[in-house]
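Trainee: Could we go through this structure together, one question at a time?
Mentor: Gladly; let us look at it first.

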Amino acid sequence: MKAMNEMSVSFLSVSSNESFARAVVAAFASQLDPTIDQLADLKTAVSEAVTNAIVHGYRETLGTVYITAKLYESGKISVKIRDKGVGIEDIEKAMEPLFTTGGEERAGLGFAVMQSFCDKVSVRSTPGKGTAVTLQKNLLRRVRSHD
Amino acid sequence: MGVRLLLREETLTARIIGEIDHHTARAVREEIDSTAQKIKPLHLCLDFTEVPFMDSSGVGLILGRYRLMQMWHGRVTLLNMSPQVEKLVGLSGLDRLVSIERGESNESHE
């Protein structure tokens with residue numbers, strides 16, 4: 001399926017960019033005229049993925065986080081969040097709810113939130129090379145003709 | 001981003017202002033804990049009236065404050081969460097550990 005629109009953005013892995021990242025994806029997704037709830041879900045999922053890249057991928061050292069988002073005629077958005085950090089040894093384990101390497105104040109819910117707030121989440125990772133998380137969500141348009 | 005603290009009788013209310021994510025959670029945590037550890041209130045009310053967005057960092061924040069309050073057998077209430085925040089709290093199972101309330105903010109309206 002060919003995307004009808006696409007955008008890319010990259011930024012330093014500093015935590016103040018977490019709000020920038022979710023805001024920029026939400027602004028792009030707004031072209032599909034999603035509901036407020038759908039937009040909130042998307043922002044939450046993006047925030048989780050970007051936080052993972054900053055906290056786990058780069059372990060709070062400085063790197064670059066890359067986001068590419070695509071919009072489709074069907075009303076679907078696909079958002080890929082990529083880092084060139086340490087990668088994940090065991091993706092299945094990393095995706096288990098409550099598993100975290102981030103210390104006591106991290107809830108370990110990042111992937112669980114992405115999965116429950118999006119329609120599809122896929123993860124590709126190579127230890128030592130980096131991680132790419134792709135979120136897909138159907139944003140049905142609010143106004144639809146019924147004929 | 002900020003926190004306004006108000007102590008009334010045995011209740012410490014922390015009115016959080018702004019989005020809660022990994023970046024902002026630390027300052028909120030430090031602000032609440034420095035006061036809570038000093039006065040050890042029986043009840044900590046986290047007021048979400050002015051929190052338009054939260055991710056799982058907020059769940060960690062709530063869980064951490066719940067654990068702190070447990071040290072002196074205090075309880076935690078979450079006040080006026082938005083639907084987005086409430087959905088996340090439901091997903092985390094935190095609603096089994098803390099009370100959830102809506103209504104008047106404990107803040108005085110001066």
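Mentor: Before we start, a definition: two residues are in contact if their C-beta atoms, placed from the backbone, lie within 7 Å. This is a predicted model, in which local features need pLDDT of at least 70 and side-chain atom pairs count only at pLDDT 80 or more, while totals for chains, interfaces and linings use all residues. Residues are numbered from 1 along each chain as its sequence is written, and chains are lettered from A and ligands numbered from 1 in the order in which they are written.

Trainee: Which residues does B:Leu46 touch, not counting residues up to four places away in sequence?
Mentor: Contact here is the 7 Å C-beta criterion. Leaving out residues up to four places away in sequence, the partners of B:Leu46 are B:Ala14, B:Ile16, B:Ile62, B:Arg65, B:Val76, B:Leu78 and B:Leu79.

Trainee: Which residues touch the most other members of the largest nonpolar core?
Mentor: A nonpolar core is a set of buried Ala, Val, Leu, Ile, Met, Phe, Trp, Tyr and Cys residues joined through C-beta atoms within 7 Å; buried means that 20 or more other C-beta atoms lie within 10 Å of a residue's own. The largest such core has 60 residues, and those touching the most other members are A:Val46 and B:Leu46.

Trainee: Which element gives the largest share of this core?
Mentor: Helices (H or I, at least four residues) and strands (E, at least two) are DSSP runs, numbered from the N terminus. With ten residues, the largest share comes from helix H2 (residues 36–57) of chain A.

Trainee: What is the strand order of the open sheet in chain B?
Mentor: Two strands pair if DSSP finds at least two bridges between them. The pairing in this sheet of five strands is mixed, and the order is E1-E2-E3-E4-E5.

Trainee: Why is one side of strand E1 and of strand E5 of chain B left without a neighbour in the sheet?
Mentor: Strand E1 (2–8) and strand E5 (99–101) of chain B stand at the edges. One side of each is therefore left without a neighbour, as each has a single partner strand.

Trainee: Which residue of E4(B) stands opposite B:Asp47?
Mentor: Strand E3 (residues 43–50) and strand E4 (residues 75–79) of chain B run parallel and are joined by five bridges. Opposite B:Asp47 stands B:Leu79.

Trainee: What is the strand order of the open sheet in chain A?
Mentor: This sheet has five strands with antiparallel pairing. Strand E1 (5–12) and strand E4 (120–126) of chain A stand at its edges. The order is E1-E2-E3-E5-E4.

Trainee: Which residue of E3(A) stands opposite A:Val65?
Mentor: Seven bridges join E2 (residues 64–71) to E3 (residues 76–83) of chain A, and the two run antiparallel. The residue opposite A:Val65 is A:Asp83.

Trainee: Which helix supplies the largest share of the side of chain A that touches chain B?
Mentor: In this interface, 21 residues of chain A are in contact with 18 residues of chain B. H1, H2 and helix H4 (110–117) of chain A each supply at least two residues of chain A's side. The largest share, eight residues, comes from H2(A).

Trainee: What percentage of the residues of chain B count as buried?
Mentor: Chain B has three helices and five strands, running β-β-α-β-α-β-α-β from the N terminus on. Of its 110 residues, the buried share is 39%.

Definitions and conventions:
A residue is buried if 20 or more other C-beta atoms lie within 10 Å of its own, exposed if 12 or fewer, and partly exposed in between; C-beta atoms are placed from the backbone.
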